Amino acid sequence: MMSHPMHPAAVVRMLAANGVDRVKLFDADPWTVSALAGSGVQAMLAVPNDHLASVGRDPRRARDWVRDNVTRNIEAGVDVRYVAVGNEPFLKSYNGSFINITFPALKNIQRALDAAGLRVKAVVPLNADVYNSPDNNPVPSAGNFRKDINTLMVSIVNFLHRNDAPFVVNIYPYLSLYQNPNFPLNFSFFDGGSKPVYDKGMVYTNVFDANFDTLVWSLRKAGVPDMKIVVGEIGWPTDGDKRANVKYAEKFYDGFLKKIAKNIGTPLRPGHMDAYLFALIDENQKSVLPGRFERHWGLFTYDGKPKFPMDLSGNGQNSYLLGVEGVQYLPSQWCVFNKDAKEKYRELPASVNYACSNADCTPLGYGSSCNGLSHDGNISYAFNIYFQTMDQDVRACSFGGLAKIVTANASQGGCVFPVQILSASERMVPVPLRLLAAFLVLAVAMFILM
């Protein structure tokens with residue numbers, strides 16, 4: 001969900017260069033998916049939430065969707081392994097909008113896949129809020145599926161299990177920290193620096209293990225104790241909040257990748273684990289309703305550059321991943337505050353508000369990478385990010401005379417004033433490049449990121 005996506009073919013080449021062989025997408029956008037043909041990269045495609053009603057109520061729509069998005073892509077050389085039916089459809093913030101249609105959609109898609117003779121499994125990626133432990137006994141063994149959807153979840157997990165499909169769960173230690181000011185910071189990481197939690201002989205030294213095993217207990221109580229679990233999303237944002245930064249992200253991934261590589265698993269599920277890393281590349285048009293950090297989950301920046309060193313094998317030999325090649329930039333010019341337009345100063349608040357309403361000013365927030373800018377620096381950042389988002393249109397650097405174009409790099413300290421890239425979508429149908437929001441899944445047995 002970017003204003004200026006890179007070309008899918010270039011992104012796929014980057015994936016291959018880094019040994020990545022599995023991605024999870026949020027839809028089945030033809031521009032993105034076609035780039036995966038013949039690449040050796042396995043794909044999880046998705047039926048978006050706004051399509052659940054149609055495929056859930058009409059089996060013919062499900063068959064059409066499978067024909068158009070799965071069968072044809074497989075015939076074209078795309079290695080499709082899973083179809084995600086919706087994305088976190090039972091989030092409490094959806095107010096039950098998808099509760100009655102998700103399971104019918106799941107059944108119709110799986111039946112359509114079977115009827116087409118495809119060895120592809122339908123799954124439902126779910127947020128970890130579909131299960132919980134009571135406040136008065138917050139340990140994994142007390143966990144169960146939420147009361148409001150318990151009967152539905154039992155039906156879904158048994159259907160998935162009968163079809164040999166995994167439970168796909170999204171777990172975010174960062175969000176546990178973000179949402180609770182009293183949450184112990186070190187319990188978010190994997191180095192054992194926090195007070196452990198004890199539960200029925202099990203010892204939990206990090207929130208990921210505790211959360212994962214709460215799901216294991218929920219599955220036991222639902223009658224599927226041995227159901228396979230795949231972590232559909234896990235990651236750490238690098239900007240937009242005081243604890244969303246490169247330092248913590250690097251620490252989190254380093255600990256998680258080492259854990260995965262050693263096949264440690266969790267206290268209740270030791271051994272191999274598959275987990276998709278969220279996300280591949282930053283998204284400057286993603287909703288910031290949950291928080292400003294939402295636009296900064298990427299392992300790579302908007303222009304396909306790695307943010308920090310990491311070792312996908314989990315062996316601790318951290319180095320920068322290979323970036324996307326062939327990215328073209330707009331001219332090296334920036335839009336900054338024109339201090340000489342003193343007679344226009346009264347229009348500054350409205351101008352800055354307009355710029356930030358139409359471009360991504362999240363790095364200016366409290367605790368973010370550009371939080372330390374001066375008053376004038378904040379204005380310049382807002383003007384420049386709008387200017388770049390508008391493809392450096394000279395009319396986008398006016399603001400009634402309050403702004404001017406310069407050729408000297410306007411970046412200040414640790415705050416980068418970006419120069420926008422040439423959008424690949426200008427040469428194609430202008431649809432969001434969901435691959436830029438794709439996940440990476442860890443293939444520990446092959447010591448590569450899947």
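Which cysteine does a disulfide join to cysteine 370? In this predicted model, local features need pLDDT of at least 70 and side-chain atom pairs count only at pLDDT 80 or more, while totals for chains, interfaces and linings use all residues. Residues are numbered from 1 along each chain as its sequence is written, and side-chain values use heavy atoms, with hydrogens and water left out.

The partner of cysteine 370 is cysteine 415, with an S to S distance of 2.0 Å; a disulfide here is a pair of cysteine sulfur atoms within 2.5 Å. Cysteine 370 sits in the loop between α10 (348-357) and α11, and cysteine 415 in the loop between β14 and β15 (439-443), so this pair ties together parts 45 residues apart in sequence. Helices (H or I, at least four residues) and strands (E, at least two) are DSSP runs, numbered from the N terminus. The S-S torsion of cysteine 370 and cysteine 415 is about 90°, so their disulfide is right-handed. Cysteine 370 is buried at 1% relative accessibility, and cysteine 415 is buried at 2%. Buried means under 20% relative accessible area, exposed over 50%, and partly exposed in between (1.4 Å probe, protein chains only).

A search of the whole structure finds three disulfides. Another one joins cysteine 335 to cysteine 397 (S to S 2.1 Å). Cysteine 335 is buried at 0%, and cysteine 397 is buried at 7%.

Then there is the bond between cysteine 356 and cysteine 361. Its torsion is about -85°, so this disulfide is left-handed. Cysteine 356 is partly exposed at 28%, whereas cysteine 361 is buried at 12%.
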